[in-house]
Amino acid sequence: DQIHAGGATLFGFESGLAGAEGWASGASSTPAWSEHTGPTPSSGTGPAAAHGGTGYLYTETSDPRGPGDTFGLTYDGRACTGQASLVTFWYSMHGGADPQSPGGMGTLRLRSTDANGVSVERWNKTGDQGAAWQQATVTLMTAAFAFEVSMPETPSYTSDAAVDDVSVTCTIPCAFADEPTWAPPAPNAARAAPPRVGPPVG
């Protein structure tokens, strides 16, 4: 379920979370993401099939889900321990209002922690993004991150979001603003005179 190539690790979720090392969902009593193949059970929402292969992860938003529920999906960053990362992923946010259950797509977020260990939102998308899978790329100072899906205030079963084919590439962290940096001398900078060499005086 995970492929290593060219410094990147690709997670296709063909066997759900069982074959994806470092991934977890449903911690801290949040609703868990579901493993699935083919279209989601509810009509008018979710992808018709996986982006690649057959399996993907999605958020099932039918009852008993309610307004403000947040689905958590975390990655512990083990592919790039102690390094920065470039995360590329495919997401589906297809859904809309239903006469019997007004509402629509919620918000999909990607979060990671800052230098102080505080969770910070790095990317987000809200609302219906069409039936096709969409691609996004996010640069992070760590390799650990989390996907979150928050249901809209007016809940709807047509809020199924999904992710697939998540690629994590290890990178070198950029210098922080307070780190010293080297700069070349100015082109016309005067050179110090060489020390005088000769017999001792006196």
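View 1. Cys80 is buried, at a relative accessible area of 1% (buried is under 20% relative accessible area, exposed over 50% and partly exposed in between, with a 1.4 Å probe and protein chains only). A disulfide joins the two, with 2.0 Å from S to S (a disulfide is a pair of cysteine sulfur atoms within 2.5 Å). Cys80 sits in the loop between β6 and β7 while Cys170 belongs to strand β12, so the link ties together parts that are 90 residues apart in sequence. Strands here are DSSP runs of E with at least two residues, numbered from the N terminus. The angle about the S-S bond is -85°, and the link of Cys80 and Cys170 is left-handed. The structure holds one disulfide.

A note before moving on: this is a predicted model, in which local features need pLDDT of at least 70 and side-chain atom pairs count only at pLDDT 80 or more, while totals for chains, interfaces and linings use all residues. Residues are numbered from 1 along each chain as its sequence is written, and side-chain values use heavy atoms, leaving out hydrogens and water.

**View 2. The open sheet of five strands.** Here the strand order is β3-β6-β11-β8-β9, with antiparallel pairing (two strands pair if DSSP finds at least two bridges between them). At the edges are β3 (23-25) and β9 (119-126), each of which pairs on one side only. On average, and with direction ignored, neighbouring strands of this sheet are turned by 20° against each other, using axes that are lines fitted to C-alpha atoms. Three bridges hold the antiparallel pairing of β3 and β6. Look for Trp23, whose bridge partner in β6 is Tyr75.

**View 3. The largest nonpolar core.** This core has 31 residues, and Trp23, Trp33, Phe89, Leu110, Phe145, Phe147 and Val166 have the most contacts inside it. A nonpolar core is a set of buried Ala, Val, Leu, Ile, Met, Phe, Trp, Tyr and Cys residues joined through side-chain atoms within 4.5 Å. At least two core residues come from each of β6, β7 (84-93), β8 (107-113), β10 (134-140), β11 (145-150) and β12 (161-171). Another core, of five residues, lies apart from it and includes Ala50, Tyr56, Trp133 and Ala162.

View 4. You will find Thr59 in the loop between β5 (55-58) and β6 (70-75). Thr59 is buried, with 0% relative accessible area. Leaving aside neighbours within four places in sequence, Thr59 is in contact (heavy atoms within 4.5 Å) with Trp33, Phe71, Val149, Ser159, Asp160 and Ala161.

How values were computed. Helices (H or I, at least four residues) and strands (E, at least two) are DSSP runs, numbered from the N terminus. Axes are lines fitted to C-alpha atoms, for helices over the stretch in contact, and angles run from 0 to 180 degrees between N-to-C directions.
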